[in-house]
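Please look over the model shown here.

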Amino acid sequence: MAKTKTAFFCQNCGTQYAKWVGQCSACKEWNTIVEEVVQKEDKRSWKASSVSDKKANKPLRVSEITHESELRLDTKDQEFNRVLGGGLVPGSLTLLGGEPGIGKSTLLLQIALKLPFKTLYVSGEESQRQIKMRADRIQPNSENCYILTETKTQNIFQQIASLEPDLVVIDSIQTLHTDYIESAAGSISQIRECAAELIKFAKESHTPVILVGHITKDGTIAGPKILEHMVDTVLQFEGDRNYVYRILRSLKNRFGSTAELGIYEMQGSGLREVNNPSEVLISKNEEDLSGTAIAATVEGMRPLLIEIQALVSTAVYGTPQRSATGFNAKRLNMLLAVLEKRAGFKLAAKDVFLNITGGISVDDPAIDLAVMAAILSSNADIPIEKGLCFAAEVGLAGEIRPVQRVDQRILEAEKLGFTTIYVSKSNKIGLKNTAIQIQKVSKIEDVVSLLF
Ligand code: TYD
Ligand code: MG
């Protein structure tokens, strides 16, 4: 009998080693190297074998290929469709990653329950009764959604063959195992092999498959990077678990743009699609409060108006505290230094707390000016006039810098009833006859004198 061949794999990044080592030289993680059985490699030549394969694909001219782009399955979920680029493509593999408890299972079950065609939801994590309880919370009485609790791929394919579903959801890829590989479920080679089997199934049967993937501490999808290369689309579900808003992004999409964004709100009865995110992210306070400013940002392709809150108070301890939620703390420090130098504010003896409401985090530099305005407003305890919003970056010299897609931001602000938007003087604006007043500023000093 031939000796089984084994190799050592890093469980974190998938790097292969010939012998065991304590630390992975690729990702620098300790104790992640595990021995796994590998398949014997075929030493056959690349040249065609003597027997011709009748089914093999032949090359075609581009003009001869039939166009099938309109063939997309509508998932009945506008946000999900948008992120996918218009719906699920038959035979495609989609990987949905996200932190535990963020709502991946809820999202996919909800989509499966809404679909008008046969869906098989395979769960390796929860029992059928648990899923039933969840389904009851979301939407009872769906005749098209079948639940299977199984982790062995061979058994799953057997059920698929008899059920013939139009969509297969696997929750999650880390729980699957195949008989052809001996290592434990969740190991690199199991994940790779199970994914390969599912890809083969999807491509041959033209059935779309959605996989749930767990993510590791540092936010990458657990398992080999190769998994992300194998699938067609990689989606990420993110948000702060303590808040209700969730953002669905696409990190890779072979059938559409990766700049699209879906926004959901987690409710007692599942996830609600948020079609007008700006309206929900801005609190509707009747009174004017100091320390809040509205920024017109763009997330992916979507314009989004968000509320920034700042609190400036006298430092109690020797070193002033700086804390930012949803905003880069280093950038906050930089903006404070600019304020100190250019606008003459003595912020060194003040604690500064910054928060972006709704629990979302933003890295669009176009919110700089709104952050500064919120800080200045809290410092002076003077509210910023209602109907004002900001869309500009601030440079180290206190100059107001132009931002991308300014027209889109202006239009969104106008749609939501804002009366004035502050933008950089050097921003080229293509819009004409806007109802909203466009206030052009070039220095932070100008902004201070206009606002206070
Ligand atoms: P879940 O979908 O199990 O997360 P994941 O699969 O990503 O680990 O999400 C569970 C969380 O969502 C849990 O904390 C409860 C909450 N939830 C609601 O708030 N409303 C609902 O209708 C459902 C089904 C879950
Ligand atoms: Mg889950």
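The report starts with confidence and then turns to domains, helices and backbone.

## Model and confidence

This is a predicted model, in which local features need pLDDT of at least 70, side-chain atom pairs count only at pLDDT 80 or more, and totals for chains, interfaces and linings use all residues. Residues are numbered from 1 along each chain as its sequence is written, while chains are lettered from A and ligands numbered from 1 in the order in which they are written.

For the complex, the predictor gives an ipTM of 0.95 and a pTM of 0.77.

## Domains

The protein has domain 1 (6-37), domain 2 (72-275) and domain 3 (281-451). These bounds come from an automatic or database domain assignment. Taken over C-alpha atoms, the centres of domain 1 and domain 2 are 28 Å apart.

Eight residues of domain 1 and 10 residues of domain 2 make the contact (two residues are in contact if their C-beta atoms, placed from the backbone, lie within 7 Å). On the domain 1 side, strand β3 (residues 33-37) gives the largest share, with three residues. Helices (H or I, at least four residues) and strands (E, at least two) are DSSP runs, numbered from the N terminus. That side of domain 1 holds four nonpolar, three polar and one charged residues. Here Ala, Val, Leu, Ile, Met, Phe, Trp, Tyr, Cys and Pro count as nonpolar, Asp, Glu, Lys and Arg as charged, and the others, Gly among them, as polar.

## Helices α2 and α3

Helix α2 (residues 104-114) packs on helix α3 (residues 128-138) at about 70°, and their axes are 10 Å apart. Axes are lines fitted to C-alpha atoms, for helices over the stretch in contact, and angles run from 0 to 180 degrees between N-to-C directions. α2 is therefore roughly perpendicular to α3. Angles under 35 degrees count as roughly parallel, over 145 as roughly antiparallel, 65 to 115 as roughly perpendicular and the rest as oblique.

The crossing is right-handed. A crossing is left-handed if the near helix is turned anticlockwise from the far one by less than a right angle, and right-handed if clockwise. From α2 come T106, L109, Q110 and L113; from α3 come I131, R134, A135 and I138. The contact has five nonpolar, two polar and one charged residues.

## Helices α9 and α11

The axes of helix α9 (residues 368-380) and helix α11 (residues 444-451) come within 11 Å and cross at roughly 50°. So α9 is oblique to α11. This crossing is right-handed.

In α9, L369, M372, A373 and L376 meet I444, V447, V448 and L451 of α11. The contact has eight nonpolar, no polar and no charged residues.

## Backbone details

D171 and S172 are joined by a cis peptide bond, with omega about 5°. S172 sits in the loop between β7 (167-171) and α5 (188-205).

N31 is not a glycine, yet has a positive phi of about 55°. N31 lies in the loop between β2 (16-17) and β3.
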